[in-house]
Amino acid sequence: MNPETEFRDGLEELAAHNKAILEILGEDPEREGLLKTPMRVAKAMQVLTRGYYQDAHKVLTDALFKEEYSQMVIVKDIDFYSLCEHHLLPFYGKVHIGYIPNGYITGLSKIARVVDIFSHRLQVQERLTQQIKDCIQETLKPMGVMVVVEAQHMCMQMRGVEKQNSITTTSDFSGAFNQAKTRQEFMNLLKQ
């Protein structure tokens, strides 16, 4: 399914709700600039939440390879965009993932796809971080996984405290990354 050209059930209903929101805000949804806005927003919301209809575990297992490599594998600076579930405003940034294989590796692009799937759901950064870690841990069964997410939140920049340069960092880890030395190696490699 191409999320830019194929849409799920409920598109017309979403558009009707968006039209009602415009009216409640005091706008005229029949004016030229807003005439197609309810449907555009409905389509955008389906694209931005497509992760609910994708299976991150399957993405990893579709490119699972037996390999006796047992050193750290890091994919860093994975761009992501998500919607905060509290205000439906964007938050965005970078995800850094490291894992230590235990007999199996996956395609590197699949790691980025896992990030995309979980970020294309209504989220909080803490849960996003944990879901990515849990998916990789449960599917690849590596010796350990570590995920670090750095993000800017529009709900803090556009409204509320309006702090333009704040960055939120979250992390989660398992297995071998419970050892401070292994976590430090990961963090050092991120800086390079």
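## Close-up views of a predicted model

View 1. Glutamine 157 is buried, its relative accessible area being 7%. The structure shown is a predicted model. This glutamine belongs to helix α6, which covers residues 154-157. From its side chain to the backbone oxygen of glutamine 164 the distance is 2.5 Å. Apart from neighbours within four places in sequence, the residues in contact with glutamine 157 are Tyr92, Gln152, Glu162, Lys163, Gln164, Asn165 and Ser166.

View 2. Zero disulfides are found in a search of the whole structure. Cysteine 84 takes part in none, and the nearest cysteine sulfur, which belongs to cysteine 155, lies 4.1 Å away. A disulfide would need the two sulfur atoms within 2.5 Å. Cysteine 84 is buried, at a relative accessible area of 6%. Cysteine 135 is also buried, with 1% relative accessibility.

View 3. Of the ten residues in strand β6 (residues 144-153), eight are buried. Strand β3 (residues 90-100) pairs with β6 in the antiparallel sense through ten bridges. Within this pairing, glutamate 150 of β6 is the bridge partner of lysine 94. Strand β7 (residues 168-173) also runs antiparallel to β6, and six bridges join the two. Here valine 148 stands opposite serine 171 of β7.

**View 4. Aromatic pairs between strands β2 and β3.** Three aromatic pairs occur in the structure. In the pair of phenylalanine 80 and phenylalanine 91, the ring centres are 5.8 Å apart and the planes meet at 75 degrees, so the arrangement is edge-to-face. Because phenylalanine 80 lies in strand β2 (residues 73-84) and phenylalanine 91 in strand β3, this pair ties together parts that are eleven residues apart in sequence. Phenylalanine 80 is buried at 1% relative accessible area, and phenylalanine 91 is buried at 0% relative accessibility. Tyrosine 81 and tyrosine 92 form a stacked pair, with 6.0 Å centre to centre and 25 degrees between the planes. This pair likewise links strand β2, through tyrosine 81, to strand β3, through tyrosine 92, eleven residues apart. Tyrosine 81 is exposed, at 56% relative accessibility, whereas tyrosine 92 is partly exposed, at 26%.

**View 5. Charged side chains over aromatic rings.** Lysine 66 places its charged end over the ring of tyrosine 104, at 5.0 Å from the ring centre. The charged end of arginine 183 sits over the ring of phenylalanine 173, and its distance from the centre of that ring is 4.6 Å.

Key. Residues are numbered from 1 along each chain as its sequence is written. This is a predicted model: local features need pLDDT of at least 70, side-chain atom pairs count only at pLDDT 80 or more; totals for chains, interfaces and linings use all residues. Side-chain values use heavy atoms; hydrogens and water are left out. Helices (H or I, at least four residues) and strands (E, at least two) are DSSP runs, numbered from the N terminus. Buried means under 20% relative accessible area, exposed over 50%, partly exposed in between (1.4 Å probe, protein chains only). A polar contact is a pair of N or O atoms within 3.5 Å; within protein, one must be able to donate a hydrogen and the other to accept it, and residues adjacent in sequence count only if both atoms are side-chain atoms. Contact means heavy atoms within 4.5 Å. Two strands pair if DSSP finds at least two bridges between them. Rings of Phe, Tyr and Trp (its six-membered ring) pair if their centres lie within 6.5 Å; planes under 30 degrees apart count as stacked, over 60 as edge-to-face and the rest as tilted. A charge sits over a ring if NZ of Lys or CZ of Arg is within 6 Å of the ring centre and within 35 degrees of the ring normal.
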